Amino acid sequence: MDRPVAGAAARAAAERALLLGYRSAVRPALFASHGGDAEKIHEQMIDVLGRIPAPAAQAAAKVVRRGTPVEMAGITFPSRVGVAAGLDKNGIAARAWAGMGFGFAELGTVTAMPQPGNEKPRVFRARASEGVVNRMGFNNDGAQALADRLTGWGVRRGNQALGIPLGISIGKNKVVELPGAIENYLASFDALAPLADYVALNVSSPNTPGLRKLQDGDQLRDLTRALVARAAELDAANPVPIFVKLAPDLETDALYEAIGVCELAGVSGLIATNTTLSRDGLAAADKALVDEAGGLSGAPLTNKALRVVERIVAHTELPVMGAGGIMTPGHAQAMFDAGAKLVQVYTGFIYNGPALVSGINSL
């Protein structure tokens, strides 16, 4: 066996061992802690990652395996897999993600004003289905708190001070009615655009009342045009790229209308998809979650998200980040084959750990 083949086999064996170790030892311990409270477990994980000393995080980032670099919207991503919005809402663990093999991290979703989110409990694991139902409701410390944290770490747009590009997802405060949405998004944008390599407009979360109406043609047109114009005002020579995150539940005509609006507004790309209101794909053991409000992520979303990406790529030249139901390297490869340039993971990372990132980087 020649050395490249032997090396590939060794890496594959190491990734299988990492996955097995996580699924058989680490994940059961995590899922059993805090009485099984999924939100408290998540908060603990982010807190632990956030406490990793900066020198250790930087050292890990230098030796971790990277995948294929990609250029998208003028940004060079060192690999094709990133942290999806929601995993690190307040950027607490932002210094750790490069050392885990991620090629970028999308922090947030944050809002202009801090908000507590929806009433607890609001996160439910669908273990048999390898999914999650959540109705968090953009709980976050606010755009300025994230800006202050990143500024304290020396982050500025383009400097990759934390080792990888950083996207920041922004959304609407719950107390702000739709007529005030644009100013609400602009307030977050003004605070964070100087720090973000790209800004994602979250108009597709199902957990803020009325938010998905911002995907409608007229609403989306006004919002995207306002944000693209503000980006040009802040930096006429090199405006920060703006991406729009779409729901997997849009009907075909609505999806194509949203794409057309984004093209005309001059956004830099699309993210597909957010969580789904559908409960298709839940295993029998998880049927109790059918009546829980919120968005469903994970394995039940895999095929639906892929179909949306395929439809988008066939309909536009805008670049696409694929998200939703990426639980294995094979799912990521299917997204790449469908035309996505990058992928983001969240629920897959919770269920399969760092081996998922390593496996995608090996593609």
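In this predicted model, I360 touches V81, I326, P329, A332, F336, V343 and V345, when residues up to four places away in sequence are left out of the count. The residue itself lies in helix α11, which covers residues 354-361. Because buried means under 20% relative accessible area, I360, at 2% relative accessibility, counts as buried. Between I360 and N303 there are 57 residues in sequence, and their C-alpha atoms are 18 Å apart in space.

| Residue | Element | Relative accessible area |
|---|---|---|
| H42 | helix α2 (residues 38-50) | 19% |
| F77 | strand β2 (residues 75-77) | 0% |
| I360 | helix α11 (residues 354-361) | 2% |

H42 has a value of 19% and is buried, since the cut-off for that word is under 20%. Leaving aside residues up to four places away in sequence, H42 touches G86, L87, Y346 and I350. F77, which is buried with a relative accessible area of 0%, has contacts that include T68, P69, V70, M72, G103, F104 and P165, and it also touches Y198, M321 and L342. R122, by contrast, is 45 residues from F77 in sequence and 33 Å from it in space, C-alpha to C-alpha.

**The nonpolar cores**

Which residues have the most contacts inside the largest nonpolar core? They are W97 and Y185, in a core of 83 residues. The largest share of this core, six residues, is contributed by helix α7, which covers residues 252-265. Apart from this core lies another one of 12 residues, with M72, F77, F104 and Y198 among them.

**Helix α6**

Helix α6 has 18 residues (217-234), which at 1.5 Å a residue should span 26 Å, and its end C-alpha atoms are 26 Å apart, so the two values agree. Within α6, the residues G217, L220, L223, T224, L227, R230 and A231 are buried. An α-helix has 3.6 residues a turn, so residues three or four places apart point the same way. The buried residues of α6 pack against α5 (181-192), β8 (198-202), β9 (242-246) and α7.

**An open sheet**

Three strands, in the order β5-β6-β11, form an open sheet with antiparallel pairing. Strands β5 (123-126) and β11 (295-298) stand at the edges, and each has a single partner strand, so one side of each is left without a neighbour in the sheet. On average, and with direction ignored, neighbouring strands of this sheet are turned by 25 degrees against each other. Strand β6 (residues 131-134) is joined to β11 by four bridges, and these two strands run antiparallel. One of the residues involved is G131, whose bridge partner in β11 is G298.

**The annotated stretch**

An unreviewed UniProt entry lists residues 70-360 as "domain: Dihydroorotate dehydrogenase catalytic".

Conventions: Residues numbered from 1 in each chain as written. Predicted model: local features only at pLDDT ≥ 70, side-chain atom pairs only at ≥ 80, totals over all residues. Heavy atoms only, no water. UniProt positions renumbered as here; feature names shortened; annotations may be inferred. Buried < 20%, exposed > 50% of the residue type's maximum accessible area, 1.4 Å probe, protein only. Contact = heavy atoms within 4.5 Å. Pairing = 2+ DSSP bridges. Axes fitted to C-alpha atoms, helices over the stretch in contact; angles between N-to-C directions. Core = buried A, V, L, I, M, F, W, Y, C linked by side-chain atoms within 4.5 Å. Expected span 1.5 Å × (residues − 1).
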